[in-house]
Amino acid sequence: MAAKISLSVLSFLLLVTFAVSKGSSQKERQASWQKGPCDITRLNAQQASYSHESEGGVSEFWDHNSDDFQCAGVSFRRVTLRSRALLLPLYHNSHSFLYVLKGRGIFGLMVSGCPETYESPQQSEEGIQGQRFTDRHQKIGNLREGDVLAIPAGAPHWAYNTGDQELVVVILQDNANNANQLDRNPRSFFLAGNPQRGQEQQHGPQTQHESGNVFRGIGAETLAEVFQTDIETAKKLQSENDGRGAIVIVQKGLQVIQPPLREEHGGRQEHGRGNGLEETICTAKLRENLDQASRADVYNPRAGRFSTVNSFTLPILRFFQLSAARGVLYKNAIMSPHWYGNAHSINYITRGSGRIQVVNHNGHAVFDDNVQEGQVVVVPQNFAVVKQAGEQGLEWVEFNTNENAMINTLSGRTFALRGLPMDVISNAYQMSREEAQRLKISRQETLLFSGSSRGGRVAYA
């Protein structure tokens with residue numbers, strides 16, 4: 001009984017921490033655009049600037065010191081796991097939001113105070129001193145292409161590629177959220193291995209870079225004492241001579257306790273009647289799939305689809321103050337010019353190519369260029385943006401810095417000017433009432449428009 005009360009208290013404290021961080025995170029982010037030299041007069045489509053090679057894959061990083069990322073208060077990276085590769089357990093100094101580009105795998109997330117609900121049967125192999133050994137751990141989830149996954153700040157997690165092809169994910173780290181009480185620099189704390197030991201590629205020749213896990217800085221004698229083990233085992237925790245990097249190959253495959261894999265079609269899973277706060281935190285849904293065409297929020301069979309995930313579809317995002325969207329535009333299609341009134345938008349191009357234009361409050365184009373797969377474009381809050389696909393179409397995933405990013409359109413059936421009287425439009429733009437009427441009803445589509453090849457320069461991949 002005492003243990004159960006203790007778990008509930010820990011869960012309650014975690015809930016309070018999330019709630020407190022929510023209230024101040026938006027103030028922190030708004031202030032970040034006004035601190036120091038924040039140059040948003042020219043935006044850039046950015047590629048990964050450096051990478052860390054490991055035995056089982058590669059981690060690629062965008063330059064978080066660039067004006068675009070610094071002003072938005074975020075950082076961005078891409079992680080590739082080869083078949084049977086394990087991303088070693090780690091935690092971050094701020095909330096993270098990831099999207100699975102391709103592949104499939106499993107992940108584990110350890111939340112302090114939550115019970116170890118996955119356990120092996122009692123009749124397992126003989127353990128220490130002839131006792132029956134039973135493995136127990138917190139629950140494991142599945143990852144597949146199109147999934148988004150929310151990872152709380154400070155929560156240790158790991159991932160493993162169960163498939164034959166690469167598992168590739170992109171990860172946004174929200175450094176401006178109040179959950180991070182340090183500076184705006186992203187920090188990852190590994191619990192195993194030498195995470196950055198090996199080759200680092202950064203705009204030129206390869207260089208050696210080395211760092212250790214958190215146990216490495218603690219004396220071996222101290223580790224032996226706290227784990228009640230011998231010095232040799234304690235030194236293994238420090239992984240001083242481990243040169244495999246942050247991603248390692250599991251030669252015989254990873255053996256974990258996991259229910260049979262089944263297809264999930266979205267929606268909240270029922271866990272039966274709970275007993276309070278413990279279930280609120282420990283069984284919170286952290287994952288949603290954005291790639292299912294059937295769950296699209298906006299669909300035009302001639303133009304494409306647009307799907308969103310926010311705190312209504314994934315309630316944990318209320319504490320993260322983040323949301324996401326997935327856009328698919330067919331050949332030459334256009335997404336209506338629009339702006340987000342309460343969020344910055346970080347756009348990663350997942351497939352195809354096209355043209356993106358971004359306009360600031362002075363009516364100046366701060367970005368007007370072709371984009372292609374692998375590039376990131378940061379669109380500041382309230383800046384107008386329009387996307388047009390090329391010959392091969394254009395697909396992207398966007399991370400928004402608000403739990404419910406509010407989109408406002410400048411064209412289409414629900415655009416801003418449609419709510420104005422015709423005389424206001426006529427006088428504002430010096431046009432006749434007939435022209436104003438045609439302007440108001442020119443497009444019957446809501447957000448996605450079928451287009452033609454006359455829309456300006458577009459890159460064809």
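The questions below ask how terms are applied to this predicted model.

Residues are numbered from 1 along each chain as its sequence is written. Local features need pLDDT of at least 70 and side-chain atom pairs pLDDT 80 or more, while totals for chains, interfaces and linings use all residues, and side-chain values use heavy atoms, with hydrogens and water left out.

Q: How many helices and strands does the chain have, and what makes a run count as one?
A: The chain has eight helices and 27 strands.

Q: What makes the pair C114 and C282 a disulfide?
A: A disulfide is a pair of cysteine sulfur atoms within 2.5 Å. The sulfur atoms of C114 and C282 are 2.0 Å apart, so the pair qualifies. The structure holds one disulfide.

Q: Why is the disulfide of C114 and C282 called left-handed?
A: Because the torsion about its S-S bond is about -90 degrees.

Q: Are C114 and C282 buried or exposed?
A: Buried means under 20% relative accessible area, exposed over 50%, and partly exposed in between, with a 1.4 Å probe and protein chains only. C114 has 10%, so C114 is buried. C282 has 16% and therefore also counts as buried. Of the 461 residues of the chain, 49% count as buried.

Q: Why is the phi of Q321 worth noting?
A: Most residues other than glycine have a negative phi. Q321 is not a glycine, yet has a positive phi of about 60 degrees. Q321 sits in the loop between α6 (317-320) and β20 (323-329), and with a relative accessible area of 3% this residue is buried.

Q: Is Q430 buried or exposed?
A: Q430 has 77% relative accessibility, which is over 50%, so Q430 counts as exposed. Q430 is in the loop between α7 (422-428) and α8 (433-440). Its phi is positive, about 55 degrees, although Q430 is not a glycine.

Q: Why is E445 called buried, and which residues does E445 touch?
A: The relative accessible area of E445 is 17%, under 20%, so E445 is buried. Leaving out residues up to four places away in sequence, E445 touches N300, R302, G412, R413 and S450, where contact means heavy atoms within 4.5 Å. E445 lies in the loop between α8 and β27 (448-449).

Q: Why does E288 count as buried, and where is E288 placed?
A: E288 has 7% relative accessibility, under 20%, so E288 counts as buried. Its place is in strand β17 (residues 287-289).

Q: How do the residues lining the second largest pocket divide?
A: They divide into 25 nonpolar, 16 polar and three charged. Ala, Val, Leu, Ile, Met, Phe, Trp, Tyr, Cys and Pro count as nonpolar, Asp, Glu, Lys and Arg as charged, and the others, Gly among them, as polar.

Technical notes:
Helices (H or I, at least four residues) and strands (E, at least two) are DSSP runs, numbered from the N terminus.
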